[in-house]
Amino acid sequence: MKIEIYSNDHNPPHFHVKSKDGSINAVFRLDNCELIKGTIQSKDRKRIEAFYDDEKVKVLLKNTWNKSKGDNLQID
């Protein structure tokens, strides 16, 4: 799976998850890992949630979002 944050994206702060084979193409909120868009199998969602639950990952995602936005759309 590939995790992406786009610099030209909009609020709410979120990250994209994609797979090479195209079976996963989903968007999750940064604040709570809620699925915003896409469909994903339960086993893959559990893997993403386990990844997200790591505090270091949360900080990295938040910092990446903030860095990509400059002074706009920052999150605490």
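This is a short tour of a predicted model, stop by stop.

**Before you start**

Residues are numbered from 1 along each chain as its sequence is written. Because the model is predicted, local features need pLDDT of at least 70 and side-chain atom pairs count only at pLDDT 80 or more, while totals for chains, interfaces and linings use all residues; side-chain values use heavy atoms, without hydrogens and water.

**Stop 1: the whole chain**

Show the cartoon. The protein has two helices and four strands. Both kinds of element are DSSP runs numbered from the N terminus: helices are H or I with at least four residues, strands are E with at least two. Their order from the N terminus is β-β-β-β-α-α. The radius of gyration is 12 Å, close to the 11 Å that the globule rule gives for 76 residues, so the protein is as compact as a globular protein of that length. That radius is taken over C-alpha atoms, and the rule is 2.2 Å times the number of residues to the power 0.38.

Now show the C-alpha trace. Along its principal axes it spans about 35 × 25 × 20 Å.

**Stop 2: the surface**

The accessible area is about 5200 Å² (Shrake-Rupley method, 1.4 Å probe). Carbon and sulfur atoms hold 48% of that area. Of the 76 residues, 32% count as buried. Buried means under 20% relative accessible area, exposed over 50%, and partly exposed in between (1.4 Å probe, protein chains only).

**Stop 3: the core**

Select Phe15, Val17, Phe28, Cys33, Ile48 and Leu61. These have the most contacts inside the largest nonpolar core, which has 14 residues. Such a core is a set of buried Ala, Val, Leu, Ile, Met, Phe, Trp, Tyr and Cys residues joined through side-chain atoms within 4.5 Å. Strand S2 (14–18), strand S3 (25–29), helix H1 (42–52) and helix H2 (55–69) each give two or more residues to this core. H2 gives the most, with three residues.

Centre on Leu61. What does Leu61 touch, not counting residues up to four places away in sequence? Its partners are Ile3, Ile5, Phe15, Leu30 and Tyr52. A contact here means heavy atoms within 4.5 Å.

**Stop 4: Cys33**

Move to Cys33, in the loop between S3 and strand S4 (35–37). Cys33 counts as buried because its relative accessibility is 4%. Check its backbone too: phi is near 65 degrees, a positive value in a residue other than glycine. Most residues other than glycine have a negative phi.

**Stop 5: a cis peptide bond**

Select Asn11 and Pro12. A cis peptide bond joins the two, with omega about 0 degrees. Most peptide bonds are trans. Pro12 sits in the loop between strand S1 (2–4) and S2. Asn11 is also found in the loop between S1 and S2. At 38% relative accessibility, Asn11 is partly exposed.

**Stop 6**

Start with Arg47 in helix H1. Is Arg47 buried or exposed? Arg47 counts as exposed, because its relative accessibility is 51%.

Then pick Lys62 in helix H2. Lys62 is partly exposed, at 28% relative accessible area. From Lys62 to Phe15 is 9.7 Å, C-alpha to C-alpha, across 47 residues of sequence.
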